[in-house]
Amino acid sequence: MKKDIQDKFSKWPFFNEKGFLTVAGPCSAETYEQVMTTAEQIHQLGIKVFRAGVWKPRTRPGSFEGVGKEALDWMLEAKRKYGLKTTVEVANRQHVLDALEKEVDILWIGARTTVNPFTIQEIADTLQGIDIPVLIKNPVNPDVDLWLGAVERLEKAGVTRVGAIHRGVSQFNKSLYRNKPEWEMAIEFRKQRPDLLLICDPSHISGNRDLVPLIAQTALDLMFDGLMIETHLSPDNAWSDARQQITPMQLKLLLDELVVPVEFAEGIELSGFEDLRNVINDIDNQLIQLLSERMTIVNDIAHFKKAHNLAIFQEKRWNQLVAQHLENGKSKGLSTQFIQKIFNAIHAESIDKQGQVFYKK
């Protein structure tokens with residue numbers, strides 16, 4: 001076992017028999033009976049960490065914003081009765097103090113909070129000298145540096161057990177998901193901090209309970225260390241985020257069906273596999289060479305446009321190209337989203353290159 005994996009197990013001793021951490025519980029703590037009954041069923045599933053929202057940051061006022069501090073007493077009783085570790089979201093200094101007073105075991109910081117360095121610093125200052133585990137959700141916008149910055153602020157305050165939760169990013173246009181998965185963001189985060197626990201929140205990514213199993217399996221396939229799944233006794237009657245929650249029985253079925261992949265396995269013949277990897281490497285090198293050649297031509301085009309006082313962005317030309325590329329990609333079995341993402345990135349780089357020519361002093 002690699003050292004960074006060993007560290008994760010030693011710092012977060014809550015992994016299940018399949019080798020990943022599961023955090024489960026309702027989106028919101030609603031009543032004493034709901035919390036205690038849910039905690040009992042979560043315990044019966046062998047799950048060791050029980051979550052519930054006590055303070056709920058809502059997008060607009062007027063909706064249910066959580067029971068508040070009273071719910072922490074319910075969490076504490078559930079912890080003592082069923083031997084669970086408890087975790088709640090905190091968004092300011094007072095939340096932290098209230099949670100610590102009620103013996104909450106793990107704090108988590110929500111996406112709306114992660115985006116604000118001032119608030120993160122306030123939480124870090126409150127935790128100065130208190131080594132409680134803290135999980136940090138990615139910010140609502142796809143900014144890895146903000147995510148890393150939140151981690152670093154807590155570490156500088158002396159918190160040694162910092163982990164991360166990937167919950168996707170907000171999006172303006174409606175899609176299949178409530179929050180765009182943006183897996184590349186999580187992969188980049190892990191690349192920079194492979195020593196940290198990284199779990200996925202498929203409930204908030206999907207926004208739809210039918211998609212939770214797919215997102216959960218994808219996360220494990222990407223070698224995430226665990227899952228946080230919202231679990232409610234009667235999801236359709238939940239006071240918040242009803243559509244994305246599942247019942248404890250559904251959670252059991254989901255966990256039973258999840259397959260945990262391995263990075264490498266003994267006894268597997270890798271020669272053919274390595275051949276395929278080498279082919280991929282060659283293709284990637286060709287792509288880089290072609291992109292380099294394309295940018296050289298872009299530079300020549302920029303000089304021509306500047307000499308003839310032409311606009312950098314030629315909208316009609318761009319729309320024609322996009323339509324052609326989408327049609328070409330479709331004919332070759334490539335998704336529209338994939339082609340759009342690639343050529344949007346190429347176009348953004350081309351505009352930037354041309355701008356350097358236009359505005360060079």
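This is a predicted model: local features need pLDDT of at least 70, side-chain atom pairs count only at pLDDT 80 or more; totals for chains, interfaces and linings use all residues.

1. Helix α2 (residues 32-44) and helix α3 (residues 70-82) have axes that come within 9 Å and cross at roughly 30°. Because of this angle, α2 counts as roughly parallel to α3. The crossing of α2 past α3 is right-handed.

2. On the α2 side, the residues that meet α3 are Tyr32, Val35, Met36, Ala39, Glu40 and His43. Their counterparts in α3 are Trp74, Met75, Glu77, Ala78, Lys81 and Tyr82. Sorted by class, this contact of α2 with α3 holds 8 nonpolar, 1 polar and 3 charged residues.

3. For helix α13 (residues 315-331) and helix α14 (residues 336-358), the axes come within 9 Å and cross at roughly 140°. Here α13 passes α14 in a right-handed crossing. From α13, the contact draws on Trp318, His325, Leu326 and Gly329; from α14, it draws on Thr336, Ile339, Gln340, Phe343, Asn344 and His347. The residues of this contact of α13 with α14 comprise 4 nonpolar, 6 polar and no charged.

4. How many disulfides does a search of the whole structure find? The search returns 0 disulfides. The closest cysteine sulfur to that of Cys27 belongs to Cys200 and lies 16 Å away, so the distance is too far for a bond. Likewise, Cys200 is in no disulfide, and its nearest cysteine sulfur is that of Cys27.

5. Are these cysteines buried or exposed? Cys27 has 0% relative accessibility and therefore counts as buried. Cys200, at 0% relative accessibility, counts as buried too.

Methods: Residues are numbered from 1 along each chain as its sequence is written. Side-chain values use heavy atoms; hydrogens and water are left out. Axes are lines fitted to C-alpha atoms, for helices over the stretch in contact, and angles run from 0 to 180 degrees between N-to-C directions. Helices (H or I, at least four residues) and strands (E, at least two) are DSSP runs, numbered from the N terminus. A crossing is left-handed if the near helix is turned anticlockwise from the far one by less than a right angle, and right-handed if clockwise. Contact means heavy atoms within 4.5 Å. Ala, Val, Leu, Ile, Met, Phe, Trp, Tyr, Cys and Pro count as nonpolar, Asp, Glu, Lys and Arg as charged, and the others, Gly among them, as polar. A disulfide is a pair of cysteine sulfur atoms within 2.5 Å. Buried means under 20% relative accessible area, exposed over 50%, partly exposed in between (1.4 Å probe, protein chains only). Angles under 35 degrees count as roughly parallel, over 145 as roughly antiparallel, 65 to 115 as roughly perpendicular and the rest as oblique.
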